[in-house]
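Q: Hi! I'm new to this one and would like a quick tour. Could you put it up on the screen?

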Amino acid sequence: ERIYMLLYIARRIQSVRCCGRSVIDGIESVIHGNIPASKSVRICGIRPPRYFFYMVSGTLCDFVQFFIDYFLYKSIGLEDPSMCWALGFGLSIVVRHSSH
């Protein structure tokens, strides 16, 4: 299943060490959905500010919206940029809402 693959990748990432510390730690609890990344993830032993996670989440959601926009452009031939953006943003709200 996907969750096992994600957990495997998370363990591999967490096994990377620098100066005796994990470069990234706390990913597994995020994958399981037990705790938000802003409360469990540490980078080189330091917990980044919550805003950092909003930036990462927002960037990933922008990529999702880009692919939705591209799909709308290619599948229905929607060429009006404003209409394409509005529909793409509307369809990406579910992803944006669940990512925060």
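Predicted model: local features only at pLDDT ≥ 70, side-chain atom pairs only at ≥ 80, totals over all residues.

Q: Thanks! Which residues do ring pairs link into a cluster?
A: Phe66, Phe67 and Tyr70 are joined that way. Rings of Phe, Tyr and Trp (its six-membered ring) pair if their centres lie within 6.5 Å; planes under 30 degrees apart count as stacked, over 60 as edge-to-face and the rest as tilted. Residues are numbered from 1 along each chain as its sequence is written, and side-chain values use heavy atoms, leaving out hydrogens and water.

Q: How many aromatic pairs does that rule give?
A: The count is four aromatic pairs. Phe52 and Phe53 make an edge-to-face pair, 5.3 Å centre to centre with 80° between the planes.

Q: Is Phe53 buried or exposed?
A: Phe53 counts as buried because its relative accessibility is 16%, where buried means under 20% relative accessible area, exposed over 50% and partly exposed in between (1.4 Å probe, protein chains only). Phe52 is partly exposed, at 31%.

Q: And what sort of pair do Trp85 and Phe89 form?
A: Trp85 and Phe89 are stacked, with 5.1 Å centre to centre and 10° between the planes. They sit four residues apart in helix 5, so about one helical turn separates them. Helices (H or I, at least four residues) are DSSP runs, numbered from the N terminus.

Q: Switching to helix 4, what does its buried side pack against?
A: The buried residues of helix 4 pack against helix 3 (37-40) and helix 5 (81-99). Among those buried residues are Phe53, Cys61 and Leu72.

Q: At what angle do the axes of helix 4 and helix 5 cross?
A: They cross at roughly 140° and come within 8 Å. The axes are lines fitted to C-alpha atoms, for helices over the stretch in contact, and angles run from 0 to 180 degrees between N-to-C directions. Contact means heavy atoms within 4.5 Å.

Q: Which residues make that contact?
A: Helix 4 brings residues including Ser57, Gly58 and Asp69, and helix 5 brings residues including Trp85, Gly88 and Arg96.

Q: Last one: what comes after helix 4?
A: Helix 4 is followed by Gly77, which has a positive phi near 70°.

Methods:
Helix = DSSP H or I, 4+ residues; strand = E, 2+ residues; numbered from the N terminus.
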